[in-house]
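Biologist: Before we discuss the packing, could you put the sequence and the model side by side for me?

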Amino acid sequence: MSKALERRLVGRMNKEVTFLGFGALEIGRDWGIGSETERPNEQTAGILLNEVLDLGITLIDTASAYHASEERIGKSIASRRSQYVLASKAGEHNQYPGTYYDFSYKAIKESIDRSLMLLNTDYIDILQIHFGPDPQKVLHDGETVAAMKDAKKEGKIGHLGASIDGELAKQCILSDDFDIMQLEYNLLNVHNDENIRLAHERGIGVFIRGGLGYGRLTSRVLPQVAKDPASNAQVMKLLELVGGDADRLTALALQFLHRKEGITSILAGTKNIHHLRANFELLEVDFKDSVWQAVDEIANHAK
């Protein structure tokens, strides 16, 4: 089996997901770096979502704040609901073309019901807190977690998650309230190293966002490196390791995550199915041990 479709167990869920998951931000909200930031139309998004499942990917991650994403999932693949673990988020709410934050009990309960309707399902496997500018207050007030726990009792959601980094992520892990942590982690940012280890020890699933550095570990970074090499010194070091080949840079970034103990799944976000298919191939590229030694030195330097 390919590394992309390797099944990894989410301990507290007692359920497996594929190592490569699908992040559904870009199918519903304008996003990205460079010129390709506009979201696809509904038909194109629907085709892509079905192709994601056809590839064998079993984890889809979305959010209310991803504008049309939940609705497009509901319209396009609700009939295939048994084929994927569905993760969404609450706290940052859709108000196209922007978003707003409301972490009150009432707002979270209403958001869950709205997400269920848009997703065309009667349950969400994982609901994560989509933290805003004052995450400590959200945790201290406790209304959001209380609303999520009540929704779980009502059978509307299966498991609780949190999307946050650093010390507050550690606080969430130690609270014992969450079954999933969504963390940023990549070759350019390994600050969540300890949180990944801690979550893994406690049977908490770890989903990785920003695994490709939000485009900085793909070919999209090349124009930026050319314009401003000083600000992209770390990327340049990685590019040197792979002979300047941007595809091999992406392969390095993906396999770095695959090799990291404690990571359950990485959320690959794209609006182009060809990019997703390419990730399958790039996860199989071979690198010498000397390359990995150099990669580890570069990554550790980023701490």
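Biologist: Which residues of the largest nonpolar core touch the most other members?

Modeller: Bear in mind that this is a predicted model. The largest nonpolar core holds 84 residues, and the helix that gives the most to this core is H10 (residues 246-259), with 7 residues. Those that touch the most other members are Phe 22, Ile 60, Ile 73, Met 181, Leu 187, Leu 252 and Phe 256.

Biologist: Leaving aside its neighbours within four places in sequence, which residues is Leu 252 in contact with?

Modeller: With those sequence neighbours left aside, the contacts of Leu 252 are Leu 187, Leu 238, Val 242, Phe 287, Val 291, Trp 292 and Val 295.  Among these partners, Val 291, Trp 292 and Val 295 are also listed among the buried residues of H12.

Biologist: Is helix H6 roughly parallel or roughly antiparallel to helix H7?

Modeller: Helix H6 (residues 166-175) and helix H7 (residues 193-201) pack with their axes 10 Å apart, at an angle of about 5°. Angles under 35 degrees count as roughly parallel, so the arrangement of H6 and H7 is roughly parallel.

Notes
Residues numbered from 1 in each chain as written. Predicted model: local features only at pLDDT ≥ 70, side-chain atom pairs only at ≥ 80, totals over all residues. Heavy atoms only, no water. Core = buried A, V, L, I, M, F, W, Y, C linked by side-chain atoms within 4.5 Å. Buried < 20%, exposed > 50% of the residue type's maximum accessible area, 1.4 Å probe, protein only. Helix = DSSP H or I, 4+ residues; strand = E, 2+ residues; numbered from the N terminus. Contact = heavy atoms within 4.5 Å. Axes fitted to C-alpha atoms, helices over the stretch in contact; angles between N-to-C directions. Parallel < 35°, antiparallel > 145°, perpendicular 65-115°, else oblique.
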